[in-house]
Amino acid sequence: MAGDSAASAPGGSGARPGRPVGRAAGARFRRLFEGGLLQGGVQGSPVLRLFLRWVRRPLLPVMRLWRRNIQLRVVATTLVMSLGVVLLLGFVVIGQVRNGLLDAKVRASQSQATGGFAVAKQKADEAAAGTGSGTGTASSTPDGTPIGDGRQPQSVIQWMSDLVESLSSGGAGAFDVATLPVGDDSGGGRSPRGSGNVNPTSSVPADLRDRVNGGTTAAQSYTEIVYANGKESQPALVIGKQVNDPNGRPYELYYLFPLTQEEKSLSLVKGTLATAGLFVVVLLGAIAWLVVRQVVTPVRMAAGIAERLSAGRLQERMKVTGEDDIARLGEAFNKMAQNLQLKIQQLEDLSRMQRRFVSDVSHELRTPLTTVRMAADVIHEAREDFDPVTARSAELLADQLDRFESLLADLLEISRFDAGAAALEAEPIDLREVVRRVVSGAEPLAERKGSRIRVAGDQQPVVAEADARRVERVLRNLVVNAVEHGEGRDVVVRLASAGGAVAVAVRDYGVGLKPGEATRVFSRFWRADPARARTTGGTGLGLSIALEDARLHGGWLQAWGEPGGGSQFRLTLPRTADEPLRGSPIPLEPKDSRRNRGLDDAGLPRGGGEKRATVPVQQGGARADALPARGQSTHRMTAVPAAADPAALPGNGNGARVVPRPAAGARQPEHRPAEDAAPGTGTVAREDSTESGEAFRGR
Amino acid sequence: MMSFMKGRVLVVDDDTALAEMLGIVLRGEGFEPSFVADGDKALAAFREAKPDLVLLDLMLPGRDGIEVCRLIRAESGVPIVMLTAKSDTVDVVVGLESGADDYIVKPFKPKELVARIRARLRRSEEPAPEQLTIGDLVIDVAGHSVKRDGQSIALTPLEFDLLVALARKPWQVFTREVLLEQVWGYRHAADTRLVNVHVQRLRSKVEKDPERPEIVVTVRGVGYKAGPS
């Protein structure tokens with residue numbers, strides 16, 4: 001199941017291209033991140049893997065878009081990077097602003113606090129020295145109560161309260177004052193007190209108190225002012241110092257400077273920066289989008305036009321504006337398209353001219369040939385009235401005219417193929433009908449040669465979409481060749497259909513083919529043995545035309561042969577036109593080849609699925625012996641040394657496979673068709689094992 | 001057997017040597033040939049000679065063979081056999097569609113030509129009084145007429161033969177090869193395009209909707225048969 005879902009996933013994503021990408025992109029990326037994390041963290045658990053796949057699946061369209069869309073990538077990268085830059089810049093700026101603001105505040109606060117500490121010290125001194133001597137008595141003791149003699153705690157308490165009151169009154173809310181006892185010595189009026197409802201104990205941090213108590217100098221720290229009356233606490237700078245009271249005992253005096261104003265300024269700056277940063281990021285993204293669009297749009301246009309060009313719409317051109325690089329791309333592209341169009345047009349013209357020429361030659365040659373032909377026939381009819389020499393001449397004239405005619409016809413046919421003017425007129429035909437006609441047409445020749453033509457595998461209809469005229473021409477050629485070279489022995493025409501293919505194999509038991517000849521038989525004007533007499537006056541173009549005919553159908557025409565063991569020519573056609581062939585229902589090497597017979601005698605399994613050959617191949621039979629074949633090739637290779645069999649295969653095995661597909665125009669690699677027949681096409685005979693066996697043997 | 005011996009054949013060909021040779025062969029077989037070398041004069045010659053059959057070269061000076069074929073067919077159902085140097089699909093099909101009954105590719109043997117001409121002339125002497133129905137058509141074989149609801153439909157002799165062949169055995173599916181043999185008189189398999197083209201021509205005349213034939217029904221992969229009456 002897991003494999004299925006994985007395999008189908010890309011298809012699934014492709015089926016939903018219209019899905020809005022932006023939707024929940026954040027969530028997706030988070031999930032992607034989780035996925036990655038999980039993937040890295042836990043491996044091997046199938047449940048987890050399934051889960052990950054399930055998680056990743058909705059992400060696939062996004063990832064696909066990411067891979068395919070350069071604009072998206074550039075914009076996203078720009079956004080991420082500018083966001084980083086803006087954030088960094090923001091932190092730096094905010095830090096600097098805060099430092100500047102605080103520096104000023106700290107300096108002002110320090111001078112304020114220093115003054116306050118001095119005043120507190122002075123007041124304590126004055127209170128200790130007595131009332132009369134001080135000049136600032138009135139200011140230090142606003143109510144005028146003499147406290148000089150008051151060494152009583154009560155007066156010190158009052159003094160302290162007055163002190164806090166008077167110190168804080170100068171600040172007008174800009175700061176608060178608090179006192180705290182040193183250590184836990186809270187007696188003698190040194191209990192904590194603060195102005196403006198400040199809660200001194202919780203507002204002054206403990207470590208500052210330690211520092212204040214540790215020395216006689218002033219110390220400072222940042223803190224949160226906590227108010228006793230429930231007012232919201234706020235950040236503040238606190239400066240403290242240990243001071244003596246009138247009794248000479250130390251207490252801690254703190255100045256608390258709220259930073260409300262600075263806080264406000266800072267948040268204003270922060271807000272401004274954030275807004276500006278957001279704008280910058282968004283604008284940068286938009287700019288990137290626009291810029292990339294300028295570049296990408298022409299590139300996309302070029303891609304689209306290139307696609308249309310390659311689809312054959314040669315008049316397509318790019319729009320060129322300006323003189324920039326994009327315009328140069330467009331110009332170069334258009335020039336290329338222009339040249340391409342020109343060349344193709346030239347070739348088409350050439351091809352048309354050639355076709356026209358062929359057609360003209362055809363007409364020009366044929367009309368006088370018709371006259372000659374008819375004249376020769378008239379003369380031939382009347383030859384009995386001639387003297388023997390003239391009569392024989394008339395016979396020769398008629399015979400050679402036949403030959404001339406068929407040669408001309410073949411030449412024209414071949415040049416029609418070369419010009420690409422051959423058109424397939426495929427319709428469903430029963431190959432048995434064609435075979436019957438061909439065989440009955442070849443009977444007279446077979447009788448003269450003393451051989452019989454047998455047809456096998458014609459119990460069921462063998463129907464394929466094919467051009468009856470061409471198939472008949474191919475088969476006539478094969479059968480006549482087989483009778484010609486069959487040395488008077490039987491010729492077997494075998495039909496079969498399986499999978500998406502039908503095949504007709506023509507087997508003879510004559511001279512066969514020498515190694516390497518299996519490919520050469522299809523060459524134009526090739527003759528197996530130049531010295532051999534020919535009785536039917538073949539043109540030497542028959543098999544070439546047959547090959548072209550097979551190719552036109554998208555089929556194969558292949559030859560197999562062994563010297564002295566006869567040969568087999570096999571025509572394989574797809575059952576429906578346009579369907580690629582994957583295999584043939586009939587093995588190329590017949591079951592009664594010398595090698596297969598030799599293997600039989602040795603008790604070894606034969607290659608190539610013999611059952612298929614004896615009966616018209618039905619699906620089960622083909623499958624049954626198709627599968628074990630793979631293992632046999634190596635087996636056979638070791639069992640039968642190459643030198644032991646004189647009836648070695650033509651060439652090195654690739655001689656046996658000659659026929660390429662028409663569309664590709666190139667020769668197929670030896671093993672292709674069978675390799676293609678992998679799972680699901682078990683009904684088609686697999687021949688790779690046979691072929692490889694041949695290849696081994698040939699070396 | 002006497003009728004075709006006296007057959008008048010109009011040879012439309014610009015190649016004088018070939019025309020003369022054709023004349024020799026045709027006279028030798030008992031036909032009465034007449035000749036015209038120019039496409040423009042072909043129609044006038046046809047009207048004057050009133051031939052039983054026309055041998056028509058496709059490539060002619062002046063009006064080309066296809067055009068001549070169309071003109072003759074427009075005013076007569078006389079059998080037309082094309083002489084063509086091109087067996088390419090398009091030329092042959094265009095020739096057949098313009099009204100030719102049969103074609104013969106150069107170079108041909110005299111016997112082949114004569115056989116083809118006789119096959120085309122033969123049909124004129126089998127007047128068996130016979131009435132056939134096919135679909136909603138009534139065929140009077142002897143009277144050589146086809147009627148739908150009393151209205152007669154003009155068919156060429158070949159189209160008539162094709163229709164009669166199908167109507168005689170409405171239960172049988174005819175392969176193209178069988179039709180070639182029965183209607184055209186081919187012994188061996190020949191170009192099945194002959195059948196296709198003429199079935200199309202026939203349908204265009206007798207079918208109410210040639211796109212959905214009811215008289216001549218295609219049996220896919222096999223051939224044709226008569227539609228149910």
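**Figure 1. Contacts of Gly512(A) in the predicted model.** Apart from neighbours within four places in sequence, Gly512(A) is in contact with Gly561(A), Glu562(A), Pro563(A), Gly564(A), Gly565(A), Gly566(A) and Ser567(A) (two residues are in contact if their C-beta atoms, placed from the backbone, lie within 7 Å). The loop that holds Gly512(A) runs between strand E10 (501–508) and helix H15 (517–520) of chain A; helices (H or I, at least four residues) and strands (E, at least two) are DSSP runs, numbered from the N terminus. Gly512(A) is buried because 23 other C-beta atoms lie within 10 Å (buried: 20 or more other C-beta atoms within 10 Å of a residue's own; exposed: 12 or fewer; partly exposed: in between; C-beta atoms are placed from the backbone). The C-alpha atoms of Gly512(A) and Gly486(A), 26 residues apart in sequence, are 8.4 Å apart in space. This is a predicted model, in which local features need pLDDT of at least 70 and side-chain atom pairs count only at pLDDT 80 or more, while totals for chains, interfaces and linings use all residues. Residues are numbered from 1 along each chain as its sequence is written, and chains are lettered from A and ligands numbered from 1 in the order in which they are written.

**Figure 2. The open sheet of chain A with strands E7-E9-E10-E12-E11.** The sheet has 5 strands in this order, with mixed pairing (two strands pair if DSSP finds at least two bridges between them). Strand E7 (453–456) and strand E11 (556–562) are the edge strands, each pairing on one side only. On average, neighbouring strands are turned by 15° against each other, direction ignored. E7(A) runs parallel to strand E9 (residues 491–498) of chain A, and 4 bridges join them. In E9(A), Val493(A) stands opposite Val455(A). Helix H13 (residues 431–449) of chain A lies across E7, E9 and E10, at about 165° to E7(A); axes are lines fitted to C-alpha atoms, for helices over the stretch in contact, and angles run from 0 to 180 degrees between N-to-C directions.

**Figure 3. Residues 70–95 of chain A, a "transmembrane region" in UniProt (unreviewed entry).** The stretch 70–95 of chain A is 100% helix and 0% strand, with its end C-alpha atoms 37 Å apart. UniProt positions follow the numbering used here, feature names are shortened, and annotations may be inferred rather than shown by experiment. Chain A has 22 helices and 12 strands, and 32% of its 699 residues are buried.

Figure 4. UniProt (unreviewed entry) places "modified residue: 4-aspartylphosphate" at Asp57(B). Asp57(B) counts as buried because 26 C-beta neighbours lie inside 10 Å. Not counting residues up to four places away in sequence, Asp57(B) touches Val12(B), Asp13(B), Asp14(B), Gly65(B) and Leu83(B).

**Figure 5. Helix H8 (residues 176–184) of chain B and its buried residues.** Arg176(B), Leu179(B), Leu180(B), Val183(B) and Trp184(B) are buried in H8(B). Down the axis of H8(B), these buried residues fall within an arc of 105°, so they line one face of the helix; the arc is that of the directions from the helix axis to the C-beta atoms. The elements of chain B against which they pack include helix H6 (110–122), helix H7 (157–168) and helix H9 (193–206). Gly185(B), with a positive phi near 80°, follows H8(B).
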